[in-house]
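Please look over the sequence and the structure first, and then read the points below by topic.

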Amino acid sequence: MLTTKITYQKKYKVIVVGAGHAGCEAALATARMGLDTLLLTMNLDTIAQMSCNPAIGGLAKGQLVKEIDALGGEMALNTDATGLQFRILNTKKGPAVRASRAQADRSLYHQRMKGVLEQQPLLDIKQGAVERLALVGQRVAGVETREGVVFLGEKVVLTSGTFLRGLIHVGMNNFPGGRAGEPAAMGLSGQLKNLGFEVGRLKTGTPPRLDGKTINYSNLQPQYGDDPPRPFSFLNQTIDGRQLPCFITYTNRQTHELITGGLDRSPLYSGVIEGVGPRYCPSIEDKIVRFPEKDQHQIFLEPEGWNTTEVYPNGLPTSLPVDVQVAFLRTIQGLERVEVVRFGYAIEYDYVDPVQLKPSLETKLIEGLYHAGQINGTSGYEEAAAQGLLAGINAGLACRECAPLVLGRDQAYIGVLIDDLVNLGTNEPYRMFTSRAEYRLLLREDNADQRLTEIGRKVGLVAEDRWRLYVEKVADLNAAEEKLKNIRVGPADKEILARLKIEDLQNGLSGKELLKRPGIDMTDLKVSAVELKAFSEEVLEQLEIAVKYEGYIKRQIEQVERFRKTENVAIPENINYDAISGLTAEVREKLNKVRPLTLGQASRIRGMTPAAMAILSVAIRRV
C-alpha cells in the first residue's frame with residue numbers, strides 16, 4: 001500500500017509516544033521544564049486511562065506516588081481530586097512499610113488529567129498511531145505515524161503500555177488490541193527488534209466489570225476508608241470528594257469447581273498464551289490451580305466512580321470463556337444475579353529488555369530514545385508514572401546538555417525501581433515492593449518531600465507554591481524539634497507523670513527523651529506541652545518517627561555512607577572487559593551487556609561474585 005509522508009512543520013524538543021500514566025508524567029515534565037513537547041496518543045479519549053484497577057497507591061506503590069509528587073509530578077494531585085476512598089495501609093506496622101492507597105473515579109481521573117495536559121503551556125497533544133521511529137544514523141530524529149505524518153523531535157520517550165503487538169484473549173478467542181476496544185500498535189516493535197533491541201513477550205489480565213444494580217449488598221461486609229481521608233499530595237491538606245465504601249465477599253468451593261471445569265478452554269492452561277504473567281497479581285484460575293487447599297479467596301467489590309454503576313471485583317482477573325465467567329461469578333455471595341457489563345480478558349504484549357537502558361532510561365542503542373513504563377517490563381500505574389517522570393526529566397536535561405538525574409537506591413523507591421530494571425532486567429512483569437528497598441526506613445512516605453523536593457526544584461518542576469510549603473514545613477520541623485528538646489518534666493510534675501503513667505522518676509527528662517519511651521506518643525505529649533499544639537499533625541508525626549526510630553535511622557545512614565564508597569567509583573566508558581584476566585566468560589558477557597557506569601551498579605548485576613568485583617576493582621585502577 002502506497003503511503004505519502006508529510007513532515008509536520010513544527011519541530012519539537014521532545015516527543016512522547018503514548019498518553020498512559022508514564023506518558024502523561026513525561027510530557028508534563030518536559031513542558032514544565034520549558035521545552036516544546038508533543039504528546040502523541042492513539043486515542044485522545046483514553047488519556048490516563050485506568051485500564052485495570054481504578055486505584056492508585058498501595059504497599060510500596062504509595063511511596064512511589066509520594067515521590068512523584070515531591071518531584072513535581074501530577075499523579076498525586078490527580079488522585080486527590082478524583083479519589084473516592086482513601087486508606088493508609090499497614091498502620092499497625094512500622095512507618096517504613098505504611099502506604100497510602102486510594103480508589104479513584106475512573107472517568108474523572110482521565111478527564112482531569114486530560115484537562116491538565118490541555119492547559120499546560122508548551123505542550124501539544126495530538127492523536128496519531130506511531131508506526132516507526134525516524135532515525136539519523138544511531139540517533140532518533142522523530143516519529144512516523146500510521147496516518148503518514150512525520151513529527152521531528154530531538155528526543156523521543158516511548159511509553160507504549162500494552163499496545164506493542166497487543167493480543168487480547170477471552171477463552172479460546174483472541175484478537176489484536178492494545179486494550180479492550182482499542183487497536184494494537186503493530187509496526188514499532190518489529191523496528192525495535194531490527195535495531196538490535198531484545199524484544200520479549202509478557203502477559204497481564206483484568207477482571208470482568210459488574211453492574212452494581214444487580215449486586216445484593218445486604219449480607220456483604222462494607223469496608224470504609226479513613227475518616228478523615230489523608231491526601232497523597234504534599235500540596236493538599238484535605239480531601240473534598242464524597243467517600244464511598246467497597247464491599248468484601250469470597251469465592252467458595254462451587255466457584256472453584258466451575259473454574260477448574262473451564263480450564264480446558266482457558267488460554268492460560270491450553271498453551272495459547274506465550275507471555276509470562278505477573279507473579280504477584282495472578283488470575284483467579286491461577287489461584288485455584290496453585291492453591292487447591294484454599295476453600296475461598298477474598299474479593300473486594302470496588303465502585304468505579306460516583307456517577308456509574310460499574311463495579312470492579314478486585315481479585316478476579318480472568319481470561320476464561322464468557323459463559324464460565326458468568327457462571328462462576330453467580331456462585332459468589334452477593335453476585336447470585338449479577339450481570340457482567342465488560343468481560344475479563346488477558347492481554348499479551350511486547351516489551352524491551354530494560355538492561356538495554358542507561359540509568360537515565362535512555363536506550364544504549366539509539367541516542368535520544370527513552371523507554372518508560374510497561375515497555376520496560378513493569379506492571380502498575382505507579383511504576384509507569386515514576387519512570388515516565390524520570391524519562392521526561394532526563395530527556396529535558398539532555399536537551400539542555402545537562403547531566404542526567406539518576407536517583408540512588410538510598411534516595412528514592414524510584415531509584416530502586418530504575419536500578420533494578422537497568423541492572424537486573426526482568427523476564428516477568430516487575431512490581432515494586434518495600435522488600436526491594438534495602439534502606440526503606442529512610443524512604444518513608446512522610447519524608448518524600450525532604451528527600452526529593454529540592455531535586456525537583458533544581459530541574460525546574462517544583463513551582464513557587466510547592467517550594468514555599470516545603471520551606472515552611474522544614475522550618476516547622478526544626479522549630480518543633482527544638483521545642484521538644486526544651487520541654488522538661490521532673491519528679492515534681494506529678495500530674496504529668498501520672499498522665500504519662502511514669503513512676504519513680506529520679507531525674508528530669510526532656511520531651512525527646514520522654515517520646516523515646518515505649519507507650520508514650522506525640523498525642524500524650526501534646527496534652528501536657530501546649531507549645532507543641534501550634535504545629536501541624538504532619539509535622540508532629542514526622543518528628544515522632546524521627547525520634548522513636550533515631551537509632552535505626554542512624555544505622556541506615558551509616559550503611560549508606562559505606563555503600564557510597566564503592567557505589568560512586570566510576571568505571572571508564574571505554575573499558576575492555578574481554579581484556580581483564582580472571583573474569584569468567586559469563587561475567588564478561590553480563591558486563592558487556594549492561595556496561596555499568598560505577599562499581600556499585602556492577603555489583604548489582606545478577607551473577608556478579610565477590611571475586612569478580614575484586615578483579616574489576618583492581619582493573620579499573622589500571623585503566
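In helix H20, Ala-612, Met-613, Leu-616, Ser-617, Ala-619 and Ile-620 are buried, where buried means under 20% relative accessible area, exposed over 50% and partly exposed in between (1.4 Å probe, protein chains only). These residues cover an arc of only 170 degrees around the axis, which places them on the same side of H20; the arc is that of the directions from the helix axis to the C-beta atoms. The model is a predicted one, in which local features need pLDDT of at least 70, side-chain atom pairs count only at pLDDT 80 or more, and totals for chains, interfaces and linings use all residues. Residues are numbered from 1 along each chain as its sequence is written, and side-chain values use heavy atoms, with hydrogens and water left out.

**Helix H20**

- Pro-610, Arg-621 and Arg-622 are exposed on the other side of H20.
- The buried residues of H20 pack against helix H18 (585–594) and helix H19 (599–603), contact being defined as heavy atoms within 4.5 Å.
- The 13 residues of H20 (residues 610–622) should span 18 Å at 1.5 Å a residue, and the end C-alpha atoms are 19 Å apart, which agrees; the expected span is 1.5 Å times one less than the number of residues.
- Helices (H or I, at least four residues) and strands (E, at least two) are DSSP runs, numbered from the N terminus.

**Salt bridges**

- A search of the whole structure finds 39 salt bridges, each being a side-chain nitrogen of Lys or Arg within 4 Å of a carboxyl oxygen of Asp or Glu.
- Glu-74 forms a salt bridge with Arg-32, and their closest N and O atoms are 2.8 Å apart. Glu-74 lies in the loop between helix H2 (61–71) and helix H3 (75–82), while Arg-32 belongs to helix H1 (residues 21–32), so the pair ties together parts that are 42 residues apart in sequence.
- Glu-74 counts as buried at 5% relative accessibility, whereas Arg-32 counts as partly exposed at 25%.
- Asp-323 forms a salt bridge with Arg-265, with the closest N and O atoms 2.8 Å apart. Asp-323 lies in helix H8 (residues 322–329) and Arg-265 in the loop between helix H6 (253–261) and helix H7 (284–290), so this pair ties together parts that are 58 residues apart in sequence.
- Asp-323 is partly exposed, with a relative accessible area of 44%, and Arg-265 is partly exposed at 33% relative accessibility.
- Glu-472 forms a salt bridge with Arg-468, where the closest N and O atoms are 3.6 Å apart. Both residues, Glu-472 and Arg-468, lie in helix H12 (residues 464–486), four residues apart, about one turn of the helix.
- Glu-472 is partly exposed, with a relative accessible area of 40%, and Arg-468 is partly exposed, with 45%.

**Surroundings of Arg-342**

- Arg-342 lies in strand E18 (residues 340–342).
- Leaving aside neighbours within four places in sequence, Arg-342 is in contact with Pro-208, Arg-209 and Glu-310.
- Arg-342 and Asn-252 are 90 residues apart in sequence and 23 Å apart in space, C-alpha to C-alpha.
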